[in-house]
Amino acid sequence: MPALALSPTASVDAASGVRAGAVSGSGSGSGSAALAAAHGGARVRTVDTVQALQARIDSLQRTTLDTRLKPTHEALADLLPDGGLKEGAAYSVSGSSALIMALLAGPSAAGSWCGVVGMPEFGVEAAEAMGIDLDRLVLVPHPGDQWLTVTASIADALGVIVVKPGRAASDGAVAKLASRLRERGSTLLVLGAWPQTEAMISLTESRWSGLGEGSGYLTSREVTLTVTSRRSGRPVSGRLLMPDPEQGIRRLDPPLGAARTRPAVRRAEQRWREVG
């Protein structure tokens with residue numbers, strides 16, 4: 001990141017353009033009011049400066065991180081921090097197989113090998129319908145107490161790993177796994193809470209369609225996907241059909257910040273084509 005230089009301010013009066021002794025009036029009340037107004041203006045300008053600086057830092061960080069994103073399904077990209085799943089990072093995910101499949105669909109379609117550890121309920125037929133390539137999918141349904149060892153081992157070869165933790169892991173073991181993920185560029189999706197995750201991804205609403213009055217088949221599911229990032233104080237949400245009878249995953253509401261996220265997704269896809 002380029003160095004950012006801030007010029008120190010000699011005093012609040014100097015920042016506001018008011019020198020000591022420049023405030024005058026017929027009485028002390030008018031002088032105090034003028035000085036208070038000057039100080040208030042300085043505080044406003046200070047806040048604006050800090051916000052502008054933060055926006056610049058965020059922009060520089062996004063530029064750096066975009067080169068390390070895995071290709072992500074376009075219906076989800078704008079909801080995720082930085083416009084996609086970061087290589088070498090971990091995410092907490094609510095306990096939904098459909099959500100896990102949606103997050104795996106983009107990387108899998110782009111050629112990434114994916115693994116699912118500790119989820120015997122993970123359905124391969126549903127995964128294929130969501131766009132996951134079964135030829136590049138590794139399942140370890142019953143790792144037992146060795147779930148962390150298994151996860152660390154397959155991180156050497158797989159691009160995206162889903163894990164449902166068993167017994168609690170020590171801080172040291174978690175730190176070692178995080179180091180391996182960064183070294184290998186693998187992305188970890190953890191069902192439930194996990195230390196130092198980039199974001200929490202969850203389904204906050206769900207409604208199925210297709211059944212008539214006592215008959216018929218479930219055909220689609222409308223959900224609200226909510227993402228809470230550790231770098232942003234405000235959650236973002238989007239409505240999707242997941243599954244959608246025709247497309248597998250389909251966005252229902254307008255994407256957020258599409259102008260920013262689409263170039264990021266394209267760069268990630270181009271990078272994967274070059275190395276794959």
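Biologist: What links Asp78, Arg251 and Asp253?

Modeller: A network of salt bridges links the three. Bear in mind that this is a predicted model.

Biologist: What makes the contact of Asp253 with Arg251 a salt bridge?

Modeller: The N to O distance between their side chains is 2.5 Å. The cut-off is within 4 Å, so the pair qualifies. In general, side chains of opposite charge can pair when their charged atoms come close.

Biologist: Are Asp253 and Arg251 buried or exposed?

Modeller: Asp253 is buried, and Arg251 is buried too.

Biologist: How many salt bridges does a search of the whole structure find?

Modeller: Nine. Among them is the pair of Arg184 and Asp156, at 3.0 Å, N to O.

Biologist: Why say that the pair of Arg184 and Asp156 ties parts together?

Modeller: Arg184 belongs to helix H6, while Asp156 sits in the loop between H5 and S6. These parts are 28 residues apart in sequence, so the pair ties them together.

Biologist: Why is Arg184 called partly exposed?

Modeller: Its relative accessible area is 46%. Buried needs under 20% and exposed needs over 50%, so Arg184 falls in between. Asp156, at 37%, is partly exposed as well.

Biologist: What makes Asp145 and Arg167 a salt bridge?

Modeller: Their side chains meet at 4.0 Å, N to O. A salt bridge needs within 4 Å, so the pair counts. It links distant parts of the chain, 22 residues apart. Asp145 is in the loop between strand S5 (137-140) and H5. Arg167 is in the loop between strand S6 (160-163) and H6.

Biologist: Which residues of H6 are buried?

Modeller: Val174, Leu177 and Leu181. They cover an arc of only 60° around the axis, so they lie on the same side of H6. An α-helix has 3.6 residues a turn, so residues three or four places apart point the same way.

Biologist: What does the face of H6 turned away from the buried side carry?

Modeller: It carries the exposed residues Asp171, Lys176, Arg182 and Glu183.

Biologist: What do the buried residues of H6 pack against?

Modeller: Helix H5 (147-154) and strand S7 (187-191). H5 has its own buried residues: Trp147, Leu148, Thr151, Ala152 and Ile154. Those pack against strand S4 (114-117), S6, H6 and S7.

Biologist: What makes the phi of Asp82 worth a remark?

Modeller: Asp82 has a positive phi of about 70°, yet it is not a glycine. Most residues other than glycine have a negative phi. Asp82 lies in the loop between strand S1 (69-70) and strand S2 (85-86). Gln196, also not a glycine, has a positive phi of about 55°. Gln196 is in the loop between S7 and strand S8 (199-211).

Biologist: Why are Asp82 and Gln196 put in the classes they are in?

Modeller: Asp82 has a relative accessible area of 5%, under 20%, so it is buried. Gln196 has 68%, over 50%, so it is exposed.

Biologist: What makes Val227 a buried residue?

Modeller: Its relative accessibility is 3%. The limit is under 20%, so Val227 counts as buried. Val227 is in strand S9 (residues 216-229). Beyond residues up to four places away in sequence, Val227 touches Leu79, Leu80, Pro81, Ala199, Met200, Ile201, Pro235 and Val236. Val227 and Leu80 are 147 residues apart in sequence but 6.6 Å apart in space, C-alpha to C-alpha.

Biologist: Where is confidence lowest, and where is it highest?

Modeller: Helix H1 (residues 12-16) is lowest, at a mean of 35. S6 is highest, at 98. Over residues 59-66 the pLDDT is below 50, and the stretch has 13 contacts in the model beyond near neighbours in sequence. Residues 258-265 are also below 50, with 14 such contacts. Where pLDDT is low, the predicted coordinates should not be read in detail.

Biologist: What is the mean pLDDT of the protein?

Modeller: The mean is 75, and 63% of the residues reach 70 or more.

Note on methods:
Residues are numbered from 1 along each chain as its sequence is written. This is a predicted model: local features need pLDDT of at least 70, side-chain atom pairs count only at pLDDT 80 or more; totals for chains, interfaces and linings use all residues. Side-chain values use heavy atoms; hydrogens and water are left out. Buried means under 20% relative accessible area, exposed over 50%, partly exposed in between (1.4 Å probe, protein chains only). Helices (H or I, at least four residues) and strands (E, at least two) are DSSP runs, numbered from the N terminus. The arc is that of the directions from the helix axis to the C-beta atoms. Contact means heavy atoms within 4.5 Å. pLDDT is the predictor's confidence in each residue, from 0 to 100.
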